[in-house]
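This report describes a protein model for a reader who has not seen it before. Please keep the sequence and the structure in view while reading.

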Amino acid sequence: MNLLERAGLVRRVDDPDDMAAGAEGADTSSTGSDPAGAHHADPAAESSTAQAPAFPAADAAPPVEESTGMTLEQVYTAAGVPPCAYPAERLLRLLDGLKAMDPALRHQTIQAIDAADDSWSIEDPQRDAAAKVAAIEAHAASIRIGLNQAEQETQALVSELTQRQDTAVAEIRRQIADLEGLLAREIARGAQQGAGLESALQTKRENANRELRHLAQAMGELNALIAQFGGAKTT
């Protein structure tokens, strides 16, 4: 009893007879065959009792690692889980502290604590755990529903985006085909115009050469005449 009381797991009742009976039973179990231990308190134990920390009435809940960002405490509050004098988390912490014991002894210890402390019963954390499990299941179900809805909305958006992209790509390809046709026509027209200019130049070149040959022939005949009749004066 002293050990459990120092740990803050139980507290003594106010009835002096019950208090004396509880202290006698605890001292007898802790001292073994020494009868003096049943009537005399250990000063060291009394001094350590004043310094032993007590467990808090409720545990701080870690945040739920979900997209909602709600803490477990917020989940319980939203689900309307009533407050409990001895919450399930406190019993879990007690069980964790007694994990070195074998399961049977640990179960007997919990029952002994329950019987020694009238402020709570083992049914309290059980009801609290059941209510919190139901709250967590409901919250998890709402998360799954929200996720399913988000998946459906995302798939619809992706489908719409794909359709819009296909339409845009088809239009761009049509425009590219039109531009390629225009490019081919422009290239063909440029080649045709260039060939026409080259042909015209060739015609001019041939006409000019033919005229130059005719002029050269005439000039040669005239030079020959001048050479033959060199004495004659010409203007």
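## Helix α6

In helix α6, the buried residues are Thr-109, Ile-110, Ile-113 and Asp-114. They lie on the same side of α6 because they cover an arc of only 135° around the axis. The arc is taken from the directions that run from the helix axis to the C-beta atoms. Buried stands for under 20% relative accessible area, exposed for over 50%, and partly exposed for what lies in between, with a 1.4 Å probe and protein chains only. Helices (H or I, at least four residues) and strands (E, at least two) are DSSP runs numbered from the N terminus.

From its first C-alpha to its last, α6 reaches 20 Å with its 14 residues, close to the 20 Å expected at 1.5 Å a residue. The expected span is 1.5 Å times one less than the number of residues.

## The model as a whole

This is a predicted model, in which local features need pLDDT of at least 70 and side-chain atom pairs count only at pLDDT 80 or more, while totals for chains, interfaces and linings use all residues. Residues are numbered from 1 along each chain as its sequence is written, and side-chain values use heavy atoms, leaving out hydrogens and water.

The protein has seven helices and zero strands. Of its 235 residues, 14% are buried. Among contacts (heavy atoms within 4.5 Å) between residues at least 6 apart in sequence, 60% join residues at least 24 apart.

## Helix α5

Helix α5 covers residues 88–97, and its buried residues are Ala-88, Arg-90, Leu-91 and Leu-94. Their arc around the axis is only 160°, which puts them on the same side of α5. Leu-92 and Gly-97, on the other side of α5, are exposed.

The buried residues of α5 pack against α6 (103–116) and α7 (123–228).

## Val-81 in its loop

Val-81 sits in the loop between α4 (72–79) and α5. Val-81 is buried, with a relative accessible area of 17%. Not counting residues up to four places away in sequence, Val-81 touches Tyr-76, Asp-128, Ala-131, Lys-132 and Ala-135.

The C-alpha atoms of Val-81 and Ala-134 are separated by 9.2 Å, and the two residues are 53 residues apart along the chain.

## Leu-222 in α7

Leu-222 belongs to helix α7. Leu-222 is exposed, and its relative accessible area is 51%.
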